[in-house]
Amino acid sequence: MLTAHYTSSRFGQLHYVECGEGEPVLLLHQTPRSWTEYRDVLPLVGATHRAIAMDTVGYGASAKPADDQSIEMFADGVEDLVAGLGLESFHLVGHHTGGVIAVEVAARLGSRVRSLVLSATPFITPEKRARAVWKRPVDWVQPKPDGSHLMELWNRRRHFYAPGQEAALNRFMADAVRVLDRAEDGHIAVRLFAMGERLPRITAPATVICGQDDDPSMPSFEPMVNALSATGHTVPGAGVPFPEQRPEEFARLVLEAVAAAGAADR
């Protein structure tokens, strides 16, 4: 059974949902989502582990500080959650923006992160950082009195979802509308992150996964695998909403990474 909780942080209350018992597996969502991105993954991972999906600082039901958002700020929130839950060590999973946050957390916490799964995680180079301010907005729309901005946002994301996956798109819309004035800030934070300085600090065994239909992320797959000497998997029939489109496959790859880390420790 999924249970929702709050814990205190330097930013205010952080919201998280968990399921199961055992070794903790912490899952971080993409921008501008919430824990609901992992709604169908949590029970699968929670069958054998303590599966935890948090709302990143600034999103979902977590505190929304007025400060400029950054990957470092998001990682501060993760550290506060980890401290609040008393997690001495844990397995870490991140999807899209969540993967970039996971890179920063793993770089900070070293061996406390027992394994790292990066899903569709952007590989940020100095060249990408230099172009960050010129990139077209992904999710920002100008609110209009007739509500047509909601259809604009729906249509921007519609092509990522196959027919019949409208329920997942509805969950995206609910999350995005909740932070409509800052829906783009997490994407900007990703583009400005100095990833090259942090990847060499990661000691956790890494697995890199990506849906083959995730056109924005597939170009980052091989560079990330190579940078971390990671195990890599691409998954057909999965795109930007991989955890919602293929939850069984997503959970399987996470649990395989967790099991491999455990076997290496023995």
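Predicted model: local features only at pLDDT ≥ 70, side-chain atom pairs only at ≥ 80, totals over all residues.
Me: Thanks! At what angle do α2 and α3 cross?
Reply: The axes of α2 (residues 71-85) and α3 (residues 97-109) cross at roughly 65° and come within 9 Å. The two helices are therefore roughly perpendicular to each other.

Me: And is that crossing left-handed or right-handed?
Reply: The crossing of α2 and α3 is right-handed.

Me: Which residues meet there?
Reply: From α2 you have Ile 71, Glu 72, Phe 74, Ala 75, Asp 76, Val 78 and Glu 79. They meet Thr 97, Val 100, Ile 101, Glu 104, Val 105, Arg 108 and Leu 109 of α3. By class, the contact has 8 nonpolar, 1 polar and 5 charged residues.

Me: Switching topic: where is Glu 184?
Reply: Glu 184 is in the loop between α6 (166-178) and α7 (185-192).

Me: Buried or exposed?
Reply: Glu 184 counts as buried, because its relative accessibility is 6%, and buried means under 20%.

Me: What does its side chain reach?
Reply: The side chain of Glu 184 reaches the backbone nitrogen of Asp 139 at 2.7 Å. Beyond its neighbours within four places in sequence, Glu 184 also has contacts that include Arg 136, Trp 140 and Arg 191.

Me: Last one, Pro 43. Which helix is it in?
Reply: Pro 43 is in helix α1 (residues 42-46). With 38% relative accessibility, Pro 43 counts as partly exposed.

Me: What is Pro 43 in contact with, leaving aside neighbours within four places in sequence?
Reply: Pro 43 is in contact with Leu 2 and Cys 19. Its C-alpha atom is also separated by 7.5 Å from that of Gly 20, 23 residues apart along the chain.

How values were computed
Residues numbered from 1 in each chain as written. Heavy atoms only, no water. Axes fitted to C-alpha atoms, helices over the stretch in contact; angles between N-to-C directions. Helix = DSSP H or I, 4+ residues; strand = E, 2+ residues; numbered from the N terminus. Parallel < 35°, antiparallel > 145°, perpendicular 65-115°, else oblique. Left-handed = near helix turned anticlockwise from the far one by under 90°. Contact = heavy atoms within 4.5 Å. Nonpolar A, V, L, I, M, F, W, Y, C, P; charged D, E, K, R; others polar. Buried < 20%, exposed > 50% of the residue type's maximum accessible area, 1.4 Å probe, protein only. Polar contact = N/O pair within 3.5 Å; in protein donor to acceptor, adjacent residues only side chain to side chain.
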